[in-house]
Amino acid sequence: MSLAIVTGSNGLVGSETSIFLLEKGFDVVGIDNNERMKFFGLDGDTRRIKNFLKNKYSNYTHYNCDIRNKEKINKIFKKYKKRVKFLLHAAAQPSHDWAYSNIRKDFEINATGTLNILEGAKNNFPDTVFIFTSTNKVYGDNPNRLNLIEKKNRWAPPKNSKFHKGINETMTLDNCTHSLFGISKVYADLLVQEYNKNFGMKTACFRAGCITGPNHSGAKLHGFLSFLVKECLRKRSYQIIGYKGKQVRDNIHSKDLTQAFWNFYKRPINNAVFNIGGAKYSNCSILEAIKYIEEKLNIKIKKKFLKKPRTGDHKWYVSDISKFQKFYPNFKIRYNTEKIIDQILEETKREIL
Ligand SMILES: NC(=O)c1ccc[n+]([C@@H]2O[C@H](COP(=O)([O-])OP(=O)(O)OC[C@H]3O[C@@H](n4cnc5c(N)ncnc54)[C@H](O)[C@@H]3O)[C@@H](O)[C@H]2O)c1
């Protein structure tokens, strides 16, 4: 029986991938210490996901282990070394707001934590596929320099821009503001690449835009669509930080992202660095998302605008996923933003109303 190790298994990406693999018949070893609740309070509590996985799947084993504890990580990896076929590293401190006031801890989790997972894998199962969820924040605020045009409800790049259809992997990482979160992820992202180049490990970096889906424990500091839907349902108001609410994010459903991981697992390649996201198929500005929710629920949302944007925040980010699709032509985005919002609305209504 094949076995997968998933770090961050109670978070959005980790839980979706765990469920997918469990359903495929893998044994899954999940590692997650609910650090998300420490970051974001009760909104970020992931215990419901842990309980769901443990109760529903007899082939799921959970370790409440901190990825900063390299001895414990190595011990777990050693225990399963002969059977591990797939590793997803999705445990992280995911918010750039939180990192701003917790620089060292953010670095210890995102950078040193990733080093611990890579070393554990190299020492115990160096031939196993190793997937890392990186972020579009590695490009810092470079996408803001595209001479963006202000439209009625969104920012947009000019038609003659090289990145007009989306940001591809040729976007530079230099000469920009990354945010402190962006920096710890850049370190992890480059380190994951080096383990492929230096040690021949089958590593992949997926640089994602906004990842979303009903499994997200959305909190103010992380989980844009999920938190927006919650706020609209609970308070009928939403605070918009910077860029007049016209900032554009692309949204990929965690199920679609899992499909991308699976494609890579089945046919890993070297130098695997991919931008991934909802791309041209699934993106919205905050104003557009709110408008959609208002129309859907026939309500009016009170918007509070803060002028100052978050440091390093993107005004417009749409992923160009053509590199990934070139290597994996069967991969498709199946969920657009409307479909994703509908799903989160249903799930959130059940939870909070
Ligand atoms: N959600 C997004 O919009 C998004 C976008 C781009 C990249 N990413 C990246 O994808 C990955 C997964 O994101 P997510 O949205 O699933 O985040 P998430 O917060 O939902 O999941 C991460 C999980 O890791 C756990 N965790 C955190 N620190 C830990 C530690 N020290 N030890 C053990 N477990 C720990 C948390 O408790 C949480 O359950 C992260 O690397 C994130 O940076 C996310």
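Start by selecting Leu228, which is found in helix H8. Helices here are DSSP runs of H or I with at least four residues, strands are E runs of at least two, and both are numbered from the N terminus. The model is predicted: local features need pLDDT of at least 70, side-chain atom pairs count only at pLDDT 80 or more, and totals for chains, interfaces and linings use all residues. Residues are numbered from 1 along each chain as its sequence is written, and side-chain values use heavy atoms, with hydrogens and water left out.

**Stop 1**

Leu228 has a relative accessible area of 0%, so it is buried. Buried means under 20% relative accessible area, exposed over 50%, and partly exposed in between, with a 1.4 Å probe and protein chains only. Now show the contacts of Leu228, leaving out residues up to four places away in sequence: Tyr238, Ile286, Ala289, Ile290 and Ile293. Contact means heavy atoms within 4.5 Å. For a distance check, pick Ala91: Leu228 and Ala91 are 137 residues apart in sequence, and their C-alpha atoms are 23 Å apart in space.

**Stop 2: two positive phi angles**

Step just past H8 to Arg236. Its phi is near 55°, a positive value in a residue other than glycine. Arg236 sits in the loop between H8 and strand S10 (237–241). At 46% relative accessibility, Arg236 counts as partly exposed.

Go on to Lys244, in the loop between S10 and S11. Lys244 is not a glycine, yet it has a positive phi of about 60°. It counts as partly exposed, at 47% relative accessibility.

**Stop 3: the three-stranded sheet**

Select S9, S11 and S13. These three strands form an open sheet in the order S9-S11-S13, with mixed pairing. Strands S9 (210–212) and S13 (283–285) are at the edges with a single partner strand each, so one side of each has no neighbour in the sheet. From one strand to the next, the twist averages 40°.

Two strands pair if DSSP finds at least two bridges between them. S9 and S11 pair in the parallel sense over three bridges. Highlight Thr212: its bridge partner in S11 is His253.

Is S11 covered on one face or both? Both faces are covered: Val248, Asp250 and Ile252 on one side, and Arg249, Asn251 and His253 on the other, are all buried.

**Stop 4: the nonpolar cores**

A nonpolar core is a set of buried Ala, Val, Leu, Ile, Met, Phe, Trp, Tyr and Cys residues joined through side-chain atoms within 4.5 Å. The largest has 40 residues, and those with the most contacts inside it are Leu21, Phe86, Phe206, Phe264 and Ile276. Elements that each supply at least two residues of this core include strand S1 (3–7), helix H1 (12–23), strand S4 (84–89) and helix H9 (254–266).

Centre on Phe86. Beyond neighbours within four places in sequence, its contacts include Leu3, Ile5, Leu21, Phe26, Ile131, Phe261, Trp262 and Tyr265. Apart from this core lies another, of 31 residues, among them Val29, Cys65, Tyr80 and Ile117.

**Stop 5: the ligand**

Of the 31 residues around the ligand, Asp32, Arg36, Lys185, Gly209 and Ile211 come nearest. Next, draw polar contacts, meaning pairs of N or O atoms within 3.5 Å; within protein, one must be able to donate a hydrogen and the other to accept it, and residues adjacent in sequence count only if both atoms are side-chain atoms.

- Arg36: a polar side-chain atom lies 2.7 Å from an oxygen atom of the ligand.
- Ile67: a backbone N or O atom lies 3.0 Å from a nitrogen atom of the ligand.
- Asn33: an N or O atom in the side chain is 3.2 Å from a nitrogen atom of the ligand.

**Last stop: Ser179**

Finish at Ser179, in the loop between strand S7 (155–156) and helix H7 (180–199). Ser179 counts as buried, at 11% relative accessibility. Not counting residues up to four places away in sequence, Ser179 touches His96 and Thr311.

Note on methods
Axes fitted to C-alpha atoms, helices over the stretch in contact; angles between N-to-C directions. Near = heavy atom within 4 Å.
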